[in-house]
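Hi,

Here is the structure I promised to pass on. Have a look at it, and then read on for what turned up.

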There are 6 protein chains.
Amino acid sequence: MRLQLSTWPQVEDYLESSRGIIVPIGSTEQHGPTGLLGTDALCAEAVAVEAGKRAGIMVAPGIPVGMAVHHMTFAGSMTFRPSTLIAVVRDWVTGLAAHGFERFLFVNGHGGNIPTLQSAWYEIHCETREATDRGGKGRDLRFAVQNWWAGTQVKAYCDEVFGPADGSHATCGELSLMHFLYPDEAPTTAGLEPRVAPTSAYHDAEHFRRVHPDGRMGSDPSLANADHGGRLFDIAVTEALGRYETLMAEE
Amino acid sequence: MRLQLSTWPQVEDYLESSRGIIVPIGSTEQHGPTGLLGTDALCAEAVAVEAGKRAGIMVAPGIPVGMAVHHMTFAGSMTFRPSTLIAVVRDWVTGLAAHGFERFLFVNGHGGNIPTLQSAWYEIHCETREATDRGGKGRDLRFAVQNWWAGTQVKAYCDEVFGPADGSHATCGELSLMHFLYPDEAPTTAGLEPRVAPTSAYHDAEHFRRVHPDGRMGSDPSLANADHGGRLFDIAVTEALGRYETLMAEE
Amino acid sequence: MRLQLSTWPQVEDYLESSRGIIVPIGSTEQHGPTGLLGTDALCAEAVAVEAGKRAGIMVAPGIPVGMAVHHMTFAGSMTFRPSTLIAVVRDWVTGLAAHGFERFLFVNGHGGNIPTLQSAWYEIHCETREATDRGGKGRDLRFAVQNWWAGTQVKAYCDEVFGPADGSHATCGELSLMHFLYPDEAPTTAGLEPRVAPTSAYHDAEHFRRVHPDGRMGSDPSLANADHGGRLFDIAVTEALGRYETLMAEE
Amino acid sequence: MRLQLSTWPQVEDYLESSRGIIVPIGSTEQHGPTGLLGTDALCAEAVAVEAGKRAGIMVAPGIPVGMAVHHMTFAGSMTFRPSTLIAVVRDWVTGLAAHGFERFLFVNGHGGNIPTLQSAWYEIHCETREATDRGGKGRDLRFAVQNWWAGTQVKAYCDEVFGPADGSHATCGELSLMHFLYPDEAPTTAGLEPRVAPTSAYHDAEHFRRVHPDGRMGSDPSLANADHGGRLFDIAVTEALGRYETLMAEE
Amino acid sequence: MRLQLSTWPQVEDYLESSRGIIVPIGSTEQHGPTGLLGTDALCAEAVAVEAGKRAGIMVAPGIPVGMAVHHMTFAGSMTFRPSTLIAVVRDWVTGLAAHGFERFLFVNGHGGNIPTLQSAWYEIHCETREATDRGGKGRDLRFAVQNWWAGTQVKAYCDEVFGPADGSHATCGELSLMHFLYPDEAPTTAGLEPRVAPTSAYHDAEHFRRVHPDGRMGSDPSLANADHGGRLFDIAVTEALGRYETLMAEE
Amino acid sequence: MRLQLSTWPQVEDYLESSRGIIVPIGSTEQHGPTGLLGTDALCAEAVAVEAGKRAGIMVAPGIPVGMAVHHMTFAGSMTFRPSTLIAVVRDWVTGLAAHGFERFLFVNGHGGNIPTLQSAWYEIHCETREATDRGGKGRDLRFAVQNWWAGTQVKAYCDEVFGPADGSHATCGELSLMHFLYPDEAPTTAGLEPRVAPTSAYHDAEHFRRVHPDGRMGSDPSLANADHGGRLFDIAVTEALGRYETLMAEE
Ligand code: NI
Ligand code: NI
Ligand code: NI
Ligand code: NI
Ligand code: NI
Ligand code: NI
């Protein structure tokens, strides 16, 4: 159930039987010369929506931009300052919590979001704590994240079929998922040089571009295709649902 | 051209010939007992994307949540605090401006966003001005908004076919557009009481609910349908393109 | 009744019988080569104070600086960043609301304030809503704005006596009001070139100055005089009182 | 010269020969059962304006609300949070500095403003410093404050004519100045009980009201009158001008 | 009792019998060519800890960085922006207050902290006030500061033994205390030129360095030694305890 | 070399040969019924200072409070809101960077700090990026963190000597280090019930206390002692130096 495609009475009904919701969070950032800028946002939203559909879980609108300052030397990349992203997640959660949602599984498409996402949860917990200290109504909000690309089975699949050339940014896994989701949008990977991108630690955006000149980290995009993408999609949805169940089952 | 479905070299190419971009901004808020919560976000994004497709204009990812505090007494409604939305628009624009975008047409789906959106533009102009005062590189950013529902031809069409029962929230016009865009998601309007919702000024969320008990303002959703939606979509896209052309043509 | 000229027991008494207050908000910004920088602040304050005097309404101290970044290329202009102005209005209102004021009519002297003023109201409503969600005491704050220069009768008068040369910034109407309020401060308009200033859309402060080199927009200040100002003052006060009555009469 | 009563070319001219400006800062807060809420703002503004008139110094619009949280248990008192006041002073100064003002004498009417005013200056110096570190244009902004009531001669006069019953809040000195400035607004002090208010340290607003039940601290308002006020006004203006000269003469 | 060297049950026990706590606040900033950068932080912490030890008072961890922007042209100096320091003090206090601490004596080592520290207290009082206005649980937080170097007896001692060459920054008094606390860290003062540093008002960091080229203000560090430091330490501790007792004894 | 125990000329000298600095960051939070509240701050500072001493690296003052909201139901625990901690780290780094420091190794004592610390780095990179986009001077700041308790050799040692009863909060490892550093401050562990604390995921502070009633997570503090602490100290210092060398060696 997508919240955006529900009416308010439908949401009210849903809350009679469940306090859980899935929130997609992505990023709009370069994914190498052949990867689409929306990869992280579109993958996360697709996995979340499909998980919601399969299990009747409410899915909030996705956050399409993330914390991606290190990609800003590549055209089209966008980023939130961490302080902004904390405010965004805080408002996203606070609004939903006002209606009674209490369990939030973030389905995340971008590694760079993780620290700030967790900081945002802490910020919310601080607000709750301070309000409670002053006599405000308690609330029991719980947060978890499923980084779809890092699920045990997703990683196992990628290791098996892509090996080390899966890479760590603009990976074969996420590019495959995009081929599956957007089959008409596949730029050719012919002539990519080098075929397998270099790997290296990076610091700020200038440094990132210096050590990763075309934006990829360690990946060979020519290995990606829609068939792998379809398989990965199914695995990622299953793993997201598993994480959701664990969250809901906690005492 | 959707930025999310472009690669960074494609964005770099685009910037060789144009400095303009369209940014959809919507809201996730109740649209009466039969309207979908994502109406404002999904309509704005659809109009923007189609405009971009027709005229080869880059379209940024849309902002799916807006300033909608007065709807917060209805389940599922979300809102940014204005201060958050200013930060969001500021980061959205600042990131794109870093790559060279200078003309921003916001295609907006929600009246409540207008003041805060304009405030965000002013905030950006203040930053620019202060940086320039201290010797920073000048930049010539320009902003405009097309409220798709308020275009001259869109309004004329709605006046003609819906009359006063178009209403001012959860309008027949926007509900029609949603029927057109999401034909499978149409909740029945049978039994709506009253058929035409009351109209009244409102203040905060409690007050809004008191004077608009089911969330609609003045509308009769049973008049909405996909045929009207398709016609309105075409008109709205044309008007958005007209506004974009005016913005780009300014000296 | 001016709050600044009242004692605290007088304010306490006033609150026994009324929850309404008028708040002037202006701007300190260039008004062309012959207009005074304080025009927007001084006109708004004067209209508000006179309205308060005529009808026994409490009048808060005025906010003398507004959102005027587009005037910053002219010496002496001041501006709040929108984020600051939101904080200012928020504190202004929060303090007064702590004593029991619940209805706020802003008498505004500057068009550029409108979006940020409304954003500030929304910010306050967000705070109220969130506090109420956590069990805090409800409060029913309502806001309205009277842009004195844009009242129906004020506009009718200006259209009649000034015609199109009233302009849209440093208008004959507001300059006349200043002649009436500050008869000794009238700079000569002799030799103004061009007599009627150009009109044009504008973006940031550099752009504003480019298209409006002396700061005026469309006006011919030589048409302004104290007689028109006195008449306009009376009309503006009457219209402000009408708006206040409407606000207080709302259910 | 009041900036609000100047045109932008007049300010431009002024800046040819001087980089100095006077900024009044006051407060709107209870001044005991017979003192006016605007005392601190109106006194500061009057002293500043007269000083500007006598010596041809530009005077900015005054800040009418200050940091007065400890008075908030008395009706009509207003306060900025310190964080807001810092932003206000920062924007006030930044705007004026953009035009070339570099020396700022704040004529202050309220003791509670002093720490936050100084914090605001430091905040501005931090901004300057950081911008300069990144290669931004240097600027040499200097700030001073004249607390009009605490000038050597003002204090000497009050000690002589009022003795200890001058008090430390709602003092005979400031009440006298208000009698002089607003002769028609003088509430009677007949029947004040006790005649001389208690003195005590205070903490927050509840505590303040507990130890100072009618708002006065140590003063006997019946000693105040317009004659003393006129004399104090003259002394305060002279002392403010002395402070301004010192500031301008510094290397 | 140092909070950092206590267990949570020990703190719980302490709160059974006292609501008071001492908070050291210092600065990390240049102290002339022979003074250590940590002087203000280390002195304040040492005085606070010894006072706590003597009288069984809980001592919070110290704030090692303060508001010292005017020292930033000397290597190694650090500073908080005032807005950051307000947030720091606010969180420091809010956390401790959540457990029941209500009386906070700040033992301060740096004059530049005073305004911002007081602003932080006001910010906290504003929060308390606003929460109480909305029905939140009241709390009675009280703050005081002991500037150890400015105690009556400390000043008397320094006047007597150092005279005017004590100076006002990198003073003989604080340098002596450091000799006492860190006897192995004493840089030689041989060859200091001039022996007694100049005195002058200062504004921003550039100006400070211009008028105080080696960082000292008016002091002759060769007069400082560990014996004086030991005596000053004892006096400062006694005076801090006196201030604490006064704070705790207030009604 | 401790920055706090250096003079500004010594720091200036240091910067001639190195751009690296170590910054300790800890927390003040409950460590079970027998662990000291300052454990995380004091351990991190000790490891950092010793590393600096061994290798001649400058060590900044430590940040004694961290992000520890989940411990706030235990007396004496303190926390920064993440937004405050980001501002703190930002000011800490910005000040040091102004003098020329460019490589920052944070020696961290508390797992809960990691996400917010990384968010702070991103916030700094965003500031750098935006300033550079506007023509500001570039800077090449690089950050790394050494979580002393999580070093490969530290973990191996703890696994070997404590096994699973090392736990994950108030661990035998950190308690041992405190025994070594503060041998006189060791509360008895006699009678601890249960001897080995439970392990469980946690959410907010209420939940944490529910699942970890005495504050420990999985540890048996009776296994901790000063001998193990001394050995761990040595290993942790060595590992911190290794991490520093890697950071400095990066291209
Ligand atoms: Ni990705
Ligand atoms: Ni809508
Ligand atoms: Ni105007
Ligand atoms: Ni006063
Ligand atoms: Ni010092
Ligand atoms: Ni620990």
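E:Asp40 is buried, since its relative accessible area is 2%, under the 20% limit for that label. Keep in mind that this is a predicted model. E:Asp40 also holds a metal: together with E:His31 (NE2) and E:Glu174 (OE), its OD coordinates the nickel ion (ligand 5), at 1.9 to 2.1 Å. Along the chain, these donors follow the spacing H-x8-D-x133-E.

Now over to chain B. The nickel ion (ligand 2) has B:His31 (NE2), B:Asp40 (OD) and B:Glu174 (OE) as its protein donors, 1.9 to 2.1 Å away. Their spacing reads H-x8-D-x133-E. Here B:His31 lies in the loop between strand S1 (20–25) and helix H2 (39–55) of chain B, while B:Glu174 belongs to helix H6 (residues 172–181) of chain B, 143 residues apart. Are these two buried or exposed? B:His31 counts as buried because its relative accessibility is 1%, and B:Glu174, at 8%, is buried as well.

H2(F) is mostly covered, with 12 of its 17 residues buried. Among them are F:Asp40, F:Cys43, F:Val47 and F:Glu50. What does the covering? The list includes strands S1 (20–25), S2 (58–59) and S3 (103–108), plus helices H6 (172–181) and H8 (226–249), of chain F. Just after H2(F) comes F:Gly56, with a positive phi of about 65 degrees.

One last thing, the cysteines. How many disulfides are there over all chains? Zero, from a search of the whole structure. Take A:Cys158: the closest cysteine sulfur, in A:Cys172, is 7.9 Å from its own, so the two are too far for a bond, given that a disulfide needs sulfur atoms within 2.5 Å. A:Cys158 is buried, at 4% relative accessibility. For E:Cys43, the closest cysteine sulfur is in E:Cys158, 11 Å away and again too far for a bond. E:Cys43 is buried, with a relative accessible area of 0%.

Cheers

How values were computed
Residues are numbered from 1 along each chain as its sequence is written. Chains are lettered from A and ligands numbered from 1 in the order in which they are written. This is a predicted model: local features need pLDDT of at least 70, side-chain atom pairs count only at pLDDT 80 or more; totals for chains, interfaces and linings use all residues. Side-chain values use heavy atoms; hydrogens and water are left out. Buried means under 20% relative accessible area, exposed over 50%, partly exposed in between (1.4 Å probe, protein chains only). Helices (H or I, at least four residues) and strands (E, at least two) are DSSP runs, numbered from the N terminus. Contact means heavy atoms within 4.5 Å. Donors are N, O and S atoms within 2.8 Å of the metal (3.2 Å for Na, K and Ca); water is not among the atoms, so sites may look incomplete.
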